[in-house]
Amino acid sequence: MSEKKDSLSRRARYAKAGMCHNCGQRPPVPERAECSVCRAKGNQYLKNLSPDRRTQFLARARASFQRHRGKRLQAMKAWHRRVREEVLEHYGGRCACCNEERMPFLCIDHVNGRGNAHRRSLGAMNSGAQFYRWLMKAGFPLGFRVMCHNCNFATAHSGICPHQE
């Protein structure tokens, strides 16, 4: 039991230092806990298992995945909320038209229109948290602004928001 506890504290120390949680020697792959070398070793280990052992291993992994589903979902929702709030704050944190500040009402607008075509060109990262994450990774490019959903809809469908008339 103490060996497992030592292993957990070692992994926590490595993670805190920003290193791979397995070897502690290399930085982890972005948004993962392990480096590419340790990840490849783990994949190779799984490939080398006999079919029966692989089935058992995957069954335990699926069971663990289901057991911790609620925690994982909560963590992902919190992460999505943080990413969205960071992007909205960077672009001003309030509607460019009516100055609405409440986060649930705000969204990102393409200043020159053509937002649907732009999101389609991004492929899988076309909406929601993926789009906000893309904005962060792209260094918060110009051509975007914060608008409330009402002003965004009105601008998209009639060309001008009623607040601007």
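Tutor: The model before us is predicted. Please ask about the chain as a whole to begin with.

Student: In what order do the elements of the protein chain run from the N terminus on?

Tutor: The protein chain has 7 helices and 2 strands. Helix α4 covers residues 69–90 and strand β1 covers residues 106–110, while strand β2 covers residues 144–148. From the N terminus on, the order is α-α-α-α-β-α-α-β-α.

Student: What radius of gyration does the protein chain have, against that of a compact globule of 165 residues?

Tutor: Along the principal axes, the C-alpha atoms fill a box of roughly 70 × 35 × 30 Å. For a compact globule of 165 residues, a radius of gyration near 15 Å would apply, but the protein chain has 22 Å.

Student: What percentage of the residues in the protein chain is buried?

Tutor: The protein chain exposes about 12100 Å², and carbon and sulfur atoms supply 53% of that area. A residue is called buried when its relative accessible area is under 20%. Of the 165 residues, the buried share is 22%.

Student: Among contacts with a separation of 6 or more, what share joins residues 24 or more positions apart?

Tutor: Contact here means heavy atoms within 4.5 Å. Of the contacts in the protein chain with a separation of 6 or more, the share from residues 24 or more positions apart is 45%.

Student: Is Asn99 buried, partly exposed or exposed?

Tutor: Asn99 lies in the loop between α4 and β1. Its phi is near 65°, a positive value in a residue other than glycine. Since its relative accessible area is 44%, Asn99 is partly exposed.

Student: Which residues does Asn152 contact, leaving aside its neighbours within four places in sequence?

Tutor: Asn152 belongs to helix α7, residues 149–158. With a relative accessible area of 18%, Asn152 is buried. Leaving aside neighbours within four places in sequence, its contacts are Cys107, Ile108, Asp109 and Met147.

Student: How far apart are the mean positions of the positive and negative charges of the protein chain?

Tutor: The protein chain carries 31 positive and 12 negative charges. The distance between their mean positions is 10 Å.

Student: How many salt bridges does the structure hold?

Tutor: Side chains of opposite charge can pair when their charged atoms come close. One of these pairs is Glu100 with Arg102, whose closest N and O atoms are 2.8 Å apart; Glu100 is buried at 18% relative accessible area. The number of salt bridges in the structure is 4.

Student: Which residue forms a salt bridge with Arg39?

Tutor: Arg39 counts as partly exposed, at 31% relative accessibility. The closest N and O atoms of the pair are 3.5 Å apart. The partner counts as buried at 19% relative accessibility, and its name is Glu34.

Student: How far apart are the closest N and O atoms of Arg94 and Glu101?

Tutor: Arg94 counts as partly exposed at 37% relative accessibility, and Glu101 is partly exposed at 43%. Arg94 and Glu101 form a salt bridge, and their closest N and O atoms lie at a distance of 2.1 Å.

Definitions and conventions: Residues numbered from 1 in each chain as written. Predicted model: local features only at pLDDT ≥ 70, side-chain atom pairs only at ≥ 80, totals over all residues. Heavy atoms only, no water. Helix = DSSP H or I, 4+ residues; strand = E, 2+ residues; numbered from the N terminus. Buried < 20%, exposed > 50% of the residue type's maximum accessible area, 1.4 Å probe, protein only. Rg over C-alpha atoms; globule rule 2.2 N^0.38 Å. Areas by Shrake-Rupley, 256 points an atom, 1.4 Å probe, with all protein chains shown as cover. Lys, Arg positive; Asp, Glu negative; His and termini not counted. Charge placed at Lys NZ, Arg CZ, Asp CG, Glu CD. Salt bridge = Lys/Arg side-chain N within 4 Å of Asp/Glu carboxyl O.
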